[in-house]
Amino acid sequence: MDPRIIKELRDAVGAERVSTAAEDLVAYAYDGTWAEQQPDVVIHPQTTADVAAVLRIADAQRVPVVPRGAATGLAGGALPVAGGICLNLARMNRILDICIPDTLAVVQPGVITLDLQKAVEKHGFFYPPDPASVYQCTIGGNVATNAGGPRCLKYGVTGDYVLGLEVVVPGGRVLRLGGRTIKNVSGYNLMGLFIGSEGTLGVVTEVTVRLIPKPAAQMTALAAFPRLADACEAVGNILQAGVVPLVTELMDRATTRAVEDFKHLGLPTDVDALLLVAVDGDADAVTREIAQVAVILERSGAREVRQARSAQESEALWEGRRNLSPAIQRLARNKLGEDITVPRSKIPEMVARLADISRANDLPIIVYGHIGDGNLHPTILCDRRDAAIMRRVEQAAADILEAAVALGGTLSGEHGIGVFKRDHMLRGVDGNALAYMAGVKALFDPHDILNPGKKLPFD
Amino acid sequence: MNLYEPTPGQQVFGLHLPDYDELQGCIRCGRCLPVCPTYQQTQLEMFSPRGRLSLLRAVEDGKLALTDGVEDHLYHCLDCRACNTVCPPGVRIGELIVRGRVAIEDKHPRPFLIKFMLRHVLTGAERAALLSGPLRLVQALRLDRLAAAVLRHVPGPVGRRLGELIELAPHPGRPLARELAEVEPATGPQRHRVAFFLGCMMNVAMPDVSRATVRVLRRAGCDVLTPRGQACCGAPHDDQAMLDFSRDLARKNIALFEPLLDEVEAVVTDCAGCSGALKEYAEWLHDDPEWRERARRFSAKVRDVTEWLDAIWPEELTPVHRPATATYHDPCHLANLQNVRSQPRRLLGRVTGLEMHPLPDSHPVRCCGSAGIYNLTHTDMSRELLDRKMADVAATGAEVVVSANPGCLLQLEWGRRLTGQPIVVKHVVEVLDEGLNGQAQGDPRPRG
Ligand SMILES: Cc1cc2nc3c(=O)[nH]c(=O)nc-3n(C[C@H](O)[C@H](O)[C@H](O)COP(=O)(O)OP(=O)(O)OC[C@H]3O[C@@H](n4cnc5c(N)ncnc54)[C@H](O)[C@@H]3O)c2cc1C
Ligand code: SF4
Ligand code: SF4
């Protein structure tokens with residue numbers, strides 16, 4: 001990059017917040033995927049004004065800017081694929097306000113999601129979005145990817161809790177969107193455009209989130225289904241009975257076996273599907289509902305149902321799900337996790353197609369996910385050292401996305417498009433809609449400096 | 001950019017780390033970032049476990065030259081192993097960073113003074129004890145205070161740091177190494193026989209604590225066997241990339257304790273750094289066919305004193321403390337490395353009169369900044385971590401701060417002096433010892 005631009009950046013935000021050291025460029029070259037590309041410079045802004053200055057200079061000089069939270073993203077969204085500036089927002093990590101009368105919190109984008117949850121819990125409140133990366137990901141990243149998690153079925157995704165945003169757009173203008181109220185129809189819902197935009201429209205510099213009261217209790221049941229289709233149907237039956245479960249987590253046979261090999265918890269490994277159902281609410285309701293759930297699970301074809309009768313037993317049933325991540329890490333050297341979502345009724349067919357794809361490409365694929373919202377995580381096991389395997393992985397990934405779209409689903413439920421799924425957007429999204437999306441991008445970012453090469457399939 | 005491009009299957013460039021495979025095992029999930037103390041302080045990726053591994057990997061893959069910056073980042077790691085405890089694929093991050101230090105040692109050797117001290121002074125409790133004579137003389141004549149006072153008035157950071165270092169120096173009592181009989185018999189009903197490993201730091205800086213350890217062990221029914229000529233455990237050398245040296249020390253200790261192993265139930269030490277290292281001998285010498293089995297047998301018997309006492313504590317013994325609030329600070333090398341967390345807490349729970357208030361960030365534990373010689377080599381980072389720890393301590397309202405490692409105790413004691421907080425800092429065994437002897441008044445007094 002032109003040294004004059006670096007100097008301009010240094011003058012604008014302070015030399016100590018701008019780095020071109022070789023080591024720093026290496027450390028900011030990746031995210032939670034396996035891909036790598038070094039930026040030309042890393043900037044560590046502390047204030048909205050810093051961010052605005054960077055976007056003003058970058059826009060004028062046509063330099064790419066890639067916003068970065070904790071770099072846990074699984075779609076390559078924070079990779080500086082075109083070089084340029086890596087904008088590290090992790091240092092803007094203050095909780096600015098927890099307002100009890102209005103039950104909301106105002107935070108900077110670099111706040112770690114769990115830190116927000118813990119801070120509001122002290123006041124008896126609850127911030128429900130719970131991506132499995134909650135320990136390490138940032139609120140800014142969550143907003144930019146509209147992150148979800150197991151609790152989405154009942155509580156919704158990140159975007160359902162965002163009341164207001166401050167964003168900086170290319171050119172350096174600061175927009176304040178939404179506000180501190182649940183209802184807000186003054187003007188267009190521009191805020192919605194930024195939620196899930198993967199850092200391609202603006203940089204989120206402040207987030208106002210809605211809080212809800214913390215449910216008092218939680219209870220869990222675990223069911224073993226010989227047939228996966230029955231597990232899916234069971235979730236429908238539970239909803240029909242008027243119970244909205246907190247989570248409905250599915251593990252297929254291979255996943256269960258991996259967990260069992262890792263932790264020896266006594267999980268049944270001879271069934272097609274293990275389904276973990278949890279309910280939350282006040283203590284009485286929870287006890288009543290979990291009993292109801294257990295009956296429905298049995299009637300829907302479960303061979304065995306374990307129902308927790310205490311918080312402690314509940315915890316024990318969670319043990320398997322909690323160890324899923326380390327367990328599957330040990331299955332293979334490398335993994336590619338997909339994130340498709342299909343209508344719930346189509347899950348059995350999707351799982352069958354995954355088995356076909358696995359066979360056709362000669363690659364093991366394990367499946368787990370959240371039945372309730374149709375979000376599946378087929379995970380391809382592979383070895384990146386082997387070029388032949390990697391070619392098959394690319395094919396299998398394409399096959400999976402295609403199958404999901406064919407079944408009326410989407411390319412990604414929560415991880416985002418980033419670079420990994422970008423080329424599939426043409427098939428996955430309605431053509432007219434895509435054209436308007438391109439228009440939105442051009443409106444906010446006419447010179448294509450903000451996270452270029454991501455999300456939309458145009459250069 | 002081809003997203004499905006294969007990675008190199010073997011090392012072509014770089015350091016040829018033996019653990020290249022494991023290095024590639026990091027999936028960059030970022031789970032280790034929020035628990036890493038140096039990342040917490042800086043929010044900079046280069047100061048995180050994931051960042052450090054990535055630097056090593058880039059050097060290995062020929063994408064990054066072996067710069068001074070790489071060295072600096074590798075040595076900014078506290079070796080506290082908080083990261084290891086949370087890593088989903090189970091990458092042994094702390095170990096890989098230490099391996100990285102070894103691999104760059106050719107081109108980036110450690111400072112002469114550090115190596116000299118480690119090679120010639122910190123080689124065993126008895127040798128190290130030679131240090132304490134002159135130190136005690138200087139302190140008796142109050143020359144240290146004088147020097148510190150003078151240095152404090154020298155302008156610039158160097159004078160201030162030196163002054164602080166002198167103040168940090170412990171005021172040790174008589175060393176213990178040559179005082180212990182080879183067998184100190186149980187004073188309570190005899191039930192066990194244990195070998196005692198006397199750490200260098202304990203012996204030089206806080207021999208009175210180790211005296212308490214031996215008293216408590218005997219009271220709890222243990223014959224305590226202390227073989228003469230013990231070598232340093234090797235942890236400081238391992239930490240500073242002197243692997244050959246630390247392996248030699250390990251062999252010495254194994255050979256020395258071997259004849260006792262049939263006779264004793266455990267090899268006990270009251271230094272968490274030592275117990276961690278002694279337990280790792282099996283791994284250190286795994287590739288040495290002559291020593292592998294001997295090391296495994298030795299390591300299998302090693303117990304931290306808190307672990308051992310918790311396992312054998314006789315129900316009839318009830319230590320008593322005057323009513324006081326207390327808190328327990330986990331030493332990294334006890335909690336993160338050895339997963340010994342509940343044992344010291346259970347022991348303290350047996351002390352009548354102590355009301356325990358927990359410290360935050362204890363699982364994995366956040367380092368107090370002591371970290372071997374880190375508080376001498378990286379004073380600024382160490383000081384920031386100490387300040388945070390002291391603020392945590394103050395928030396618990398504890399009057400007694402208990403830990404189980406000499407480095408932590410010295411660091412916390414220094415924190416006490418810096419902040420003037422009305423606390424006493426004690427080893428778990430001191431609390432037990434005083435509690436059994438009815439002398440736990442807990443008056444603030446300087447350590448040593
Ligand atoms: C182990 C693991 C489990 C996961 N589980 C889940 C899960 O259950 N559900 C889920 O939804 N995701 C999950 N993820 C994916 C990831 O954690 C989420 O996408 C998360 O929201 C990313 O946050 P981040 O701070 O790491 O963002 P990054 O990875 O740094 O960035 C993600 C995207 O957001 C953009 N961005 C980041 N910050 C800003 C900002 N302030 N302004 C504008 N754009 C910004 C980046 O440019 C990038 O496009 C998981 C990841 C891992 C490693
Ligand atoms: S937790 Fe382990 S796998 Fe994840 S980034 Fe850290 S070292 Fe890598
Ligand atoms: S050992 Fe401690 S300081 Fe070093 S990388 Fe791990 S957590 Fe960070």
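Tutor: We will take the labels one by one, keeping in mind that this is a predicted model.

Student: Why is the link between Asp21(B) and Arg385(A) called a salt bridge?

Tutor: Their side chains meet at 3.6 Å, N to O. The cut-off is 4 Å between a side-chain nitrogen of Lys or Arg and a carboxyl oxygen of Asp or Glu, so the pair qualifies.

Student: How many salt bridges does the rule find across the interface of chain B and chain A?

Tutor: The rule finds 5 there. Polar contacts are counted too, and they give 16 residue pairs, both at pLDDT 80 or more.

Student: Which helices of chain B supply at least two residues each to the side that touches chain A?

Tutor: They are α1 (20–24), α2 (37–42), α3 and α4 (68–75). The most comes from α3(B), with 5 residues.

Student: What makes up that side of chain B by class?

Tutor: It divides into 17 nonpolar, 12 polar and 7 charged residues.

Student: How many residues are in contact between chain B and chain A?

Tutor: 36 residues of chain B are in contact with 45 residues of chain A. The two chains bury about 3,300 Å² between them, 55% of it on carbon and sulfur atoms. In chain B, Leu3(B), Tyr4(B) and Arg28(B) lose the most area to chain A, together 22% of what that side buries.

Student: Now chain A itself. Where do its domains lie?

Tutor: Domain 1 spans 3–88, domain 2 95–213, domain 3 217–326 and domain 4 333–415.

Student: What is buried between domain 3 and domain 4 of chain A?

Tutor: About 1,100 Å², 68% of it on carbon and sulfur atoms. On the domain 3 side, Leu228(A), Cys232(A) and Leu250(A) lose the most area to domain 4, together 38% of what that side buries.

Student: How many salt bridges and polar contacts join these two domains?

Tutor: The salt bridge count is 0. The rule does find 6 residue pairs in polar contact, both at pLDDT 80 or more. On the domain 3 side, α8(A) gives the largest share, 7 residues.

Key. Residues numbered from 1 in each chain as written. Chains lettered and ligands numbered in written order. Predicted model: local features only at pLDDT ≥ 70, side-chain atom pairs only at ≥ 80, totals over all residues. Heavy atoms only, no water. Domains from an automatic or database assignment. Buried area = accessible area lost by both parts, 1.4 Å probe. Polar contact = N/O pair within 3.5 Å; in protein donor to acceptor, adjacent residues only side chain to side chain. Helix = DSSP H or I, 4+ residues; strand = E, 2+ residues; numbered from the N terminus. Contact = heavy atoms within 4.5 Å. Nonpolar A, V, L, I, M, F, W, Y, C, P; charged D, E, K, R; others polar.
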